[in-house]
Amino acid sequence: MRETLFTKAVGNTPKIRVLEFLIEGRELDYSLSDIAEGSGIGRTTLFRIWNDLEKLHFVKQTRTIGNAKLFKLNLENLFVKKLVELFDMLIKKELKEEVYA
């Protein structure tokens, strides 16, 4: 997975990669398998960090389809809101740099 300006700025850890994936697709909900795959991390790693993300209210469950629980970014969380603002600012900067490169 390529390093983005966001991961360069805040770190390239599994937790940050999960948050980046969820921020990019903030309007959608995902299964844990989809989150692991989209973040480029293993399911075992995701399960190791998932409780922290839930306890901090960074993610919320949206629905259940069969046995699969679906989750999305909790955009009501103040920290998450600020992280999204930072992400959007950095991505706009990154896109502008690519255009003028």
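The questions and answers below concern a predicted model.

Colleague: Which element gives the most residues to the largest nonpolar core?

Modeller: The largest nonpolar core has 25 residues, and Val18, Leu22, Ile35, Leu46 and Trp50 have the most contacts inside it. Elements giving two or more residues to this core are α2 (14-24), α3 (32-39), α4 (43-55), β2 and α5 (78-100). With six residues, the element that gives the most is α2.

Colleague: How many residues apart in sequence are the parts tied together by the pair of phenylalanine 6 and phenylalanine 87?

Modeller: The rings of phenylalanine 6 and phenylalanine 87 are edge-to-face, with 5.2 Å centre to centre and 75° between the planes. Phenylalanine 6 lies in helix α1 (residues 5-10) and phenylalanine 87 in helix α5, so the pair ties together parts whose separation in sequence is 81 residues.

Colleague: Is phenylalanine 79 buried or partly exposed?

Modeller: Phenylalanine 79 and phenylalanine 58 form a stacked pair, 5.1 Å centre to centre with 10° between the planes. Phenylalanine 58 counts as buried because its relative accessibility is 10%, under the 20% cut-off.

Colleague: Which residue takes a positive phi in the hairpin of β1 and β2?

Modeller: Strands β1 (residues 59-65) and β2 (residues 68-73) run antiparallel and are joined by six bridges, with valine 59 opposite leucine 73. Two residues lie between the strands of this hairpin, and the one with a positive phi near 65° is glycine 66.

Notes:
Residues are numbered from 1 along each chain as its sequence is written. This is a predicted model: local features need pLDDT of at least 70, side-chain atom pairs count only at pLDDT 80 or more; totals for chains, interfaces and linings use all residues. Side-chain values use heavy atoms; hydrogens and water are left out. Two strands pair if DSSP finds at least two bridges between them. Helices (H or I, at least four residues) and strands (E, at least two) are DSSP runs, numbered from the N terminus. A nonpolar core is a set of buried Ala, Val, Leu, Ile, Met, Phe, Trp, Tyr and Cys residues joined through side-chain atoms within 4.5 Å. Buried means under 20% relative accessible area, exposed over 50%, partly exposed in between (1.4 Å probe, protein chains only). Rings of Phe, Tyr and Trp (its six-membered ring) pair if their centres lie within 6.5 Å; planes under 30 degrees apart count as stacked, over 60 as edge-to-face and the rest as tilted.
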